[in-house]
Amino acid sequence: MPQLSQAGQQLVQDLSQRHGVSTDAVTHMLIAVSNGNGTMAQFSHPEFGGSGQWMQGGMTMVSDLFNYQLKSRVNNICSDIANQLANHQLVPFSGSFQSQSQNGVSSQTQAAGAIGSANSLFVPDPESNWWPSHLGSPNALGSQNNVRYAYFANISRLAVKTGSDVWVYDTLNHQIGGFSQQQGGGSSITFTSQFGTISLSSLPVVTRNGVTQSQPQPMNYAPSSNSQNGESVIDTLERLGGLLQKGYITADEFATKKADLLSRL
């Protein structure tokens with residue numbers, strides 16, 4: 001169970017007195033609303049009639065269907081909590097990565113550490129701010145399986161944690177909107193941007209565990225214009241070949257990009 005900060009404890013006391021419920025009930029609902037990214041909650045507490053659901057601007061459901069007084073109390077408490085969470089949020093809830101699907105398998109990314117790392121009402125988890133501190137605050141957070149992501153759009157950086165290793169990538173001219181991790185025997189990770197689906201391995205690595213990495217000249221994923229000639233396509237293919245030889249992309253990824261480039265000639 002996440003620990004409340006001093007501000008969180010004070011909020012619980014205030015809401016307990018305001019709505020006439022115990023601090024335990026308020027704490028339970030605070031965590032439930034936070035888990036719902038400030039817009040919904042699934043709760044189960046005797047002071048709220050057992051199990052129920054709340055949605056911001058929508059319906060409130062309690063076990064006692066016709067207890068409108070209880071519904072009103074739940075809605076008021078959740079609405080107050082949602083407003084306070086928004087005021088204390090360090091990383092916007094909307095900054096979580098979107099779900100992706102690859103090879104027919106859907107994979108859902110989740111907001112990473114919404115409790116304890118992104119809201120000052122909770123005591124930060126020591127493992128929450130796992131990226132290098134000089135990157136600052138991320139614009140988006142996500143996690144999938146054993147991989148965690150932190151995207152810093154303003155400085156074109158992407159931090160990825162796999163196991164105990166932390167990689168920092170240069171995102172070039174990509175505007176990242178989601179990730180997908182291939183299921184099964186492979187471990188290929190892709191992301192989506194305004195240029196489509198791209199392999200994470202094609203991005204230049206800036207640092208690994210704080211150590212600067214040397215990389216070949218990265219590919220430019222900007223769409224080709226009518227003025228682009230065959231020589232520029234060949235140059236890109238040569239860079240692709242270099243990435244393939246060094247193991248930064250797979251043979252399948254090389255073949256797919258090669259076919260795409262040759263179709264532009």
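This is a predicted model: local features need pLDDT of at least 70, side-chain atom pairs count only at pLDDT 80 or more; totals for chains, interfaces and linings use all residues.
Taken as a whole, the chain has 265 residues, and 42% of them are buried. Looking at contacts with a separation of 6 or more, 49% come from residues 24 or more positions apart. As for the surface, the chain exposes about 13,800 Å², with carbon and sulfur atoms supplying 47% of that area.

The part to look at here is an open sheet of 3 strands, laid out in the order β1-β2-β3 with antiparallel pairing. Strands β1 and β3 sit at the edges with a single partner strand each, so one side of each has no neighbour in the sheet. From one strand to the next, the twist averages 10°.

The pairing can be followed strand by strand. Strand β1 covers residues 40-45 and strand β2 covers residues 50-55; the two run antiparallel and are joined by 6 bridges. Where they face each other, His 45 is found opposite Gly 50 of β2. Together β1 and β2 make a hairpin, with 4 residues between the strands. In the turn of that hairpin, Gly 49 has a positive phi of about 80°.

Next along comes strand β3, residues 60-62, which pairs with β2 over 3 bridges, again in the antiparallel sense. Two facing pairs can be picked out here: Gln 53 is opposite Met 61 in β3, and Trp 54 is opposite Thr 60 in β3. Strands β2 and β3 also form a hairpin, and 4 residues lie between them. The turn includes Gly 57, whose phi is positive at about 70°.

Helix α2, made of residues 23-35, lies across β1 and β2 and runs at about 145° to β1. Helix α3, residues 68-88, packs on the sheet too, where it touches β1, β2 and β3. The direction of α3 makes about 125° with that of β3.

Methods:
Residues are numbered from 1 along each chain as its sequence is written. Side-chain values use heavy atoms; hydrogens and water are left out. Two strands pair if DSSP finds at least two bridges between them. Buried means under 20% relative accessible area, exposed over 50%, partly exposed in between (1.4 Å probe, protein chains only). Contact means heavy atoms within 4.5 Å. Accessible areas come from the Shrake-Rupley method with a 1.4 Å probe; for residues, only the protein chains shown count as cover. Axes are lines fitted to C-alpha atoms, for helices over the stretch in contact, and angles run from 0 to 180 degrees between N-to-C directions.
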